[in-house]
Amino acid sequence: MVKDFLTSAKKKNLNEELKPKKACFALAGPVEDHTICKKISNLDWSLLDARDLEQVLDIDRVSLLNDFEAIGYGILGLDVSDSKDVSILQEGTSKAKAPIGVLGAGTGLGKAYLTWEGSSYTVNSSEGGHSDYAPHSCQTTKLLMYLQDKYEQEKIDIEEIVSGRGIVAIYQFLRDKKEFGESPEIAQAVETWQQDKSQVDAPAVIATEGNKKEGDHLCRNTMALFFEVYGAAAGNIALTLLSNGGFYIAGGIAPKNLGLITQGNFMKAFSDKIKMKSILKNIPVYIITTEEIGLIGATIYADQV
């Protein structure tokens with residue numbers, strides 16, 4: 001892939017040889033000792049070693065990052081006053097050198113956080129998307145019990161709910177409660193998605209319908225509950241970190257559903273922590289809107305090492 005890219009770049013650069021001195025690749029998986037040795041989430045690859053890549057590609061320095069670690073570095077290159085970079089959910093008051101939190105739902109759920117170390121921020125990767133789901137209401141407790149029964153397991157990861165497949169899980173939970181009628185078209189999309197996810201994007205179908213003012217009631221309530229759980233999870237991290245440097249929502253779902261996420265459920269759940277509302281209401285909260293955030297972060301990291 002890299003060799004094909006460099007060949008293409010050479011042709012576009014009037015056949016001038018391009019030989020990078022550094023490279024940084026961000027992937028969905030944990031990085032240990034310059035190696036990703038577990039199956040990468042979105043690819044059928046089981047081993048990548050940065051030192052091997054240096055030799056094969058003849059590049060002086062190759063770095064591997066967890067994808068959300070790259071997003072963390074990318075935050076350092078954002079302009080929070082530019083709507084192309086971020087959308088502001090809560091102004092708050094940013095404090096210099098304070099921790100920064102990152103959470104993002106897409107295919108899965110990613111987490112990272114930034115801490116001040118001496119003269120700059122250090123980005124800390126995390127596999128917190130696989131931590132336990134913590135319900136915060138009667139309805140979300142029933143959701144937990146529904147999924148425990150559905151998957152026949154006691155433990156439910158937060159990623160099973162705050163992710164694309166989580167949208168479908170919430171839809172099925174509300175559908176099976178029989179409080180809302182189900183559209184035959186959306187029912188077909190969900191059924192097809194369960195059999196072959198390459199045929200239809202059921203989470204996107206539900207979200208699109210849920211965004212319409214006169215949209216399907218089941219889809220609208222699905223997305224409302226999804227963003228409530230998403231906001232509660234974000235608030236838990238923000239409170240744990242005391243992320244007074246800012247809290248950033250990454251991933252593909254939030255920027256595609258700005259209308260829904262700004263309607264109130266997300267931020268209400270974010271700050272609804274009984275004794276700590278005043279603290280959470282003062283934390284700046286942003287949605288990352290640039291699609292280049294991972295690329296920006298990989299570039300920043302490669303330049304530093």
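**Close-up views of a predicted model**

**View 1. K177 pairs with E179.** K177 counts as partly exposed because its relative accessibility is 30%. Buried means under 20% relative accessible area, exposed means over 50%, and partly exposed lies in between (1.4 Å probe, protein chains only). The partner in a salt bridge is E179, with the closest N and O atoms 3.1 Å apart. A salt bridge here needs a side-chain nitrogen of Lys or Arg within 4 Å of a carboxyl oxygen of Asp or Glu. The whole structure holds 10 of them.

The model is predicted: local features need pLDDT of at least 70, side-chain atom pairs count only at pLDDT 80 or more, and totals for chains, interfaces and linings use all residues. Residues are numbered from 1 along each chain as its sequence is written, and side-chain values use heavy atoms, leaving out hydrogens and water.

**View 2. D58 and K19 form a salt bridge.** The N to O distance is 3.7 Å. D58 sits in the loop between helix 2 (50–57) and strand 4 (61–66), and K19 in the loop between helix 1 (2–12) and strand 1 (22–27), so the pair ties together parts 39 residues apart in sequence. Helices (H or I, at least four residues) and strands (E, at least two) are DSSP runs, numbered from the N terminus. K19 counts as exposed, because its relative accessibility is 51%.

**View 3. K277 and D272 are joined by a salt bridge.** Their closest N and O atoms are 3.7 Å apart. K277 is partly exposed at 36% relative accessibility. D272 is partly exposed too, with a relative accessible area of 40%. Elsewhere, salt bridges with shared partners link E159, E160 and R165 into one network.

**View 4. E160 lies in a loop.** The loop runs between helix 4 (138–151) and helix 5 (164–177). The side chains of E160 and R165 make a polar contact of 3.2 Å. A polar contact is a pair of N or O atoms within 3.5 Å; within protein, one must be able to donate a hydrogen and the other to accept it, and residues adjacent in sequence count only if both atoms are side-chain atoms. Beyond residues up to four places away in sequence, E160 touches Y151, R165, G166 and A169. Contact means heavy atoms within 4.5 Å.

**View 5. Helix 3 (residues 67–75) is largely enclosed.** Eight of its nine residues are buried, so the rest of the structure largely encloses this helix. Among the buried residues are F68, E69, I71 and Y73. N66 caps the N-terminal end: a side-chain oxygen of N66 lies 2.8 Å from the backbone nitrogen of F68.

**View 6. The largest nonpolar core has 51 residues.** A nonpolar core is a set of buried Ala, Val, Leu, Ile, Met, Phe, Trp, Tyr and Cys residues joined through side-chain atoms within 4.5 Å. I206, F226, F227, Y230, F247, I249 and F266 touch the most other members. Helix 8 (residues 217–241) gives the most to this core, with 12 residues. Apart from neighbours within four places in sequence, F227 contacts I253, N257, L260, I261, N265 and F266. A second, separate core of 23 residues includes L65, V102, Y121 and I293.

**Context. The protein chain has 13 helices and 10 strands.** Of its 305 residues, 45% are buried. Among contacts between residues at least 6 apart in sequence, 68% join residues at least 24 apart. The C-alpha atoms fill a box of roughly 65 × 45 × 35 Å along the principal axes.
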